[in-house]
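Let's take a walk through a protein model together. Have a look at it first, and then we'll pick out a few side chains.

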Amino acid sequence: YPPSIIGDDVFYEELQHIQGNYYPPEKNEFDIALKQLNAGEKVLEVGCGDGSFLEKMKGKNIDAVGLEFNDLALQKCLSKGLN
């Protein structure tokens, strides 16, 4: 809030280009969250970036779907076969 400061897809694509590790493949939060999830559970990851956490959940047989507005990051997810 306020809604006028929320970034659109272009904003996040620019961040991704400027800061090469904007979507880091490893985060402590990933490990903490994975300990709380079990195979077969369903998860919606809002703001999934390039799918790093989705990949980890897929490896644990968690039914995960990501939501991402950044088209560049979305294409990376799709190229990895992620939902």
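Which side chain of opposite charge is nearest to Asp50, and how many Å away is it? Keep in mind that this is a predicted model. To get your bearings, find the loop between strand S1 (42-46) and helix H3, where Asp50 sits. The side chain you want is Lys80, 4.3 Å away. A salt bridge needs a side-chain nitrogen of Lys or Arg within 4 Å of a carboxyl oxygen of Asp or Glu, and Asp50, although buried, has no salt bridge.

What does Asp50 have around it, then? Its side chain makes a polar contact with the side chain of Ser52, at 3.0 Å. If you skip the neighbours within four places in sequence, Asp50 is in contact with Tyr23, Ala73, Lys76, Cys77 and Lys80.

Now for the aromatic rings. To describe a pair of them, you give the distance of the centres and the angle of the planes. The count here comes to 2 aromatic pairs. In one of them, the ring centres of Phe11 and Tyr12 are 4.9 Å apart and the planes stand at 85 degrees, so this pair is edge-to-face. Phe11 counts as partly exposed because its relative accessibility is 39%, and Tyr12, at 27%, also counts as partly exposed.

Phe30 and Phe53 also pair up: their ring centres are 5.0 Å apart and their planes are at 20 degrees, so they are stacked. This pair links distant parts of the chain, with Phe30 in helix H2 (residues 28-36) and Phe53 in helix H3 (residues 52-59), 23 residues apart. Both Phe30 and Phe53 are buried.

Terms used:
Residues numbered from 1 in each chain as written. Predicted model: local features only at pLDDT ≥ 70, side-chain atom pairs only at ≥ 80, totals over all residues. Heavy atoms only, no water. Phe/Tyr/Trp six-rings, centres within 6.5 Å; stacked < 30°, edge-to-face > 60°. Buried < 20%, exposed > 50% of the residue type's maximum accessible area, 1.4 Å probe, protein only. Helix = DSSP H or I, 4+ residues; strand = E, 2+ residues; numbered from the N terminus. Lys, Arg positive; Asp, Glu negative; His and termini not counted. Polar contact = N/O pair within 3.5 Å; in protein donor to acceptor, adjacent residues only side chain to side chain. Contact = heavy atoms within 4.5 Å.
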